[in-house]
Amino acid sequence: MRLDANPSALIALRQRLVAAQMRMHREASGLMVRQVAEQAGLTTARLRSYEAGDRPIPLPELEEFARALGLTIDHFRLQDGPIAEWAAGRLQFQRFG
């Protein structure tokens, strides 16, 4: 991926992908939104907005969400695809410069 890719578009895409992963993991756990929200210290409305991709989830809240499901933050890292490629390219560029 080109280093001059639109960061805003990539961030929005990542937000939607993390939201989808959150919902998928929660549903696979068999827990309701309310149950996970309580365990993670979030309101039900806030968790729903994160899972819908309406707002980005801050890292500390994603960590609490993961912990509530018995997961780690690594379950939400994007290893492949345009976002991972862009991030790797930016890191290489920063190290070079």
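Residues 24 or more positions apart make up 64% of the contacts in the protein with a separation of 6 or more; contact means heavy atoms within 4.5 Å. This is a predicted model, in which local features need pLDDT of at least 70, side-chain atom pairs count only at pLDDT 80 or more, and totals for chains, interfaces and linings use all residues. Residues are numbered from 1 along each chain as its sequence is written, and side-chain values use heavy atoms, with hydrogens and water left out.

**View 1. The whole protein has 5 helices and 0 strands.** Along the sequence the pattern is α-α-α-α-α. Helices (H or I, at least four residues) and strands (E, at least two) are DSSP runs, numbered from the N terminus. Of the 97 residues, 32% count as buried. Buried means under 20% relative accessible area, with a 1.4 Å probe and protein chains only.

**View 2. Helix 1 covers residues 7-29.** Its 23 residues reach 33 Å from first C-alpha to last, close to the 33 Å expected. The expected span is 1.5 Å times one less than the number of residues. Buried residues in helix 1 include Leu-10, Val-18, Met-22 and Arg-26. Just after helix 1, Gly-30 takes a positive phi of about 80°.

**View 3. Helix 1 meets helix 3.** The two axes come within 7 Å and cross at roughly 120°. Axes are lines fitted to C-alpha atoms, for helices over the stretch in contact, and angles run from 0 to 180 degrees between N-to-C directions. Helix 1 and helix 3 are therefore oblique to each other. Angles under 35 degrees count as roughly parallel, over 145 as roughly antiparallel, 65 to 115 as roughly perpendicular and the rest as oblique. Ala-19, Met-22, Arg-23 and Arg-26 in helix 1 meet Leu-47, Tyr-50 and Glu-51 in helix 3.

**View 4. Helix 2 (residues 33-40) crosses helix 3 (residues 44-51) at roughly 105°.** Their axes come within 9 Å. The pair is therefore roughly perpendicular. Val-33, Arg-34, Val-36 and Ala-37 in helix 2 meet Thr-44, Leu-47, Arg-48 and Glu-51 in helix 3.

**View 5. The largest nonpolar core has 17 residues.** Such a core is a set of buried Ala, Val, Leu, Ile, Met, Phe, Trp, Tyr and Cys residues joined through side-chain atoms within 4.5 Å. Met-22, Leu-47, Leu-62 and Phe-65 touch the most other members. Helix 1, helix 2, helix 3 and helix 4 (59-68) each supply at least two residues of this core. Leaving aside neighbours within four places in sequence, Leu-47 is in contact with Met-22, Val-33, Val-36, Ala-37, Leu-42 and Phe-65.

Methods:
Buried < 20%, exposed > 50% of the residue type's maximum accessible area, 1.4 Å probe, protein only.
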